[in-house]
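My notes follow in the order I looked.

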Amino acid sequence: MSSIKQFQVTFDCAEPERLARFWCEVLGYVVPPPPAGFATWDDVNRSQAPEDQGSWFACSDPSGVGPRLYFQRVPEGKVAKNRLHLDVRVGTGLVGEERLAALETECARLVPLGAVRVRLLYDGNDSCIVMQDIEGNEFCLD
């Protein structure tokens with residue numbers, strides 16, 4: 001039996017730092033310190049060729065449990081529904097109206113950050129809210 005491997009989730013995007021900072025707010029993630037020899041991430045960017053400046057950014061779970069999120073600039077825009085999406089687990093263990101209230105509260109927190117509410121899926125017991133991040137990537141409040 002093989003051991004479990006660590007993994008990171010990579011987002012193709014237009015504005016890596018902006019999208020990374022959005023997801024930091026959503027998940028409570030943090031921006032790690034810049035590499036050795038650099039005082040700030042701006043210093044890292046300035047050290048790169050102009051075409052590479054701002055081409056990537058990353059954030060991580062401060063507890064070390066969740067995967068690292070990596071954001072890389074790509075030239076093409078998003079043209080179709082994601083084949084993979086994140087479920088932000090805010091209603092775990094809750095059912096019915098109590099679960100729905102937890103999801104709605106989180107939705108209300110994220111919309112001012114730039115998230116877009118797409119639709120509510122609710123059958124009277126289980127629920128989730130389909131949303132989009134600031135670049136249109138789908139995710140669910142679950």
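Entry 1, the main pocket. I started with the lining of the largest pocket and asked which strands contribute. Strands β1 (8-13) and β7 each supply at least two residues to that lining. The top contributor is β1, with 5 residues. I keep in mind that this is a predicted model.

I then took the volume of the largest pocket, which is about 500 Å³. Its lining counts 25 residues, and F11, D12, K78, N82 and N137 come closest to the centre. By class I logged 12 nonpolar, 5 polar and 8 charged residues in this lining.

Entry 2, the next pocket. The second largest pocket holds about 160 Å³. I listed its lining as Q6, F7, S60, D61, G64, V65, G66, P67 and R68. This set splits into 3 nonpolar, 4 polar and 2 charged residues.

I turned to charge pairs next. Opposite charges on side chains can pair when the charged atoms come close. I noted 9 salt bridges in the model.

Which residue does K78 pair with in a salt bridge? The partner is E138, with the closest N and O atoms 3.3 Å apart. E138 sits in strand β7 (residues 138-141) and K78 in the loop between β3 (68-73) and β4 (86-88), so this pair ties together parts 60 residues apart in sequence. Is E138 buried or exposed? E138 is buried, at 14% relative accessibility. K78 is partly exposed, at 38%. I also recall K78 from the pocket notes, as one of the residues closest to the centre of the largest pocket.

R99 has a relative accessibility of 4%, so I count R99 as buried, given the limit of under 20%. D126 is partly exposed, with 44%. I followed the shared partners and found R89, R99, D126 and D142 joined into one network.

E17 and R21 meet in a salt bridge, 2.8 Å from N to O. Both lie in helix α1 (residues 16-27), 4 residues apart, about one turn of the helix. E17 is partly exposed at 31% relative accessibility. R21 is also partly exposed, at 40%.

Key: Residues are numbered from 1 along each chain as its sequence is written. This is a predicted model: local features need pLDDT of at least 70, side-chain atom pairs count only at pLDDT 80 or more; totals for chains, interfaces and linings use all residues. Side-chain values use heavy atoms; hydrogens and water are left out. A salt bridge is a side-chain nitrogen of Lys or Arg within 4 Å of a carboxyl oxygen of Asp or Glu. Buried means under 20% relative accessible area, exposed over 50%, partly exposed in between (1.4 Å probe, protein chains only). On a 1 Å grid over the protein atoms alone, a cavity is a set of points where a 1.4 Å probe fits but cannot get out, and a pocket is an open set with protein on both sides within 12 Å along at least five of seven lines; lining residues have an atom within 4 Å of a point. Grid points are joined across faces, edges and corners, and a volume is the space filled by probe spheres set on the points. Ala, Val, Leu, Ile, Met, Phe, Trp, Tyr, Cys and Pro count as nonpolar, Asp, Glu, Lys and Arg as charged, and the others, Gly among them, as polar.
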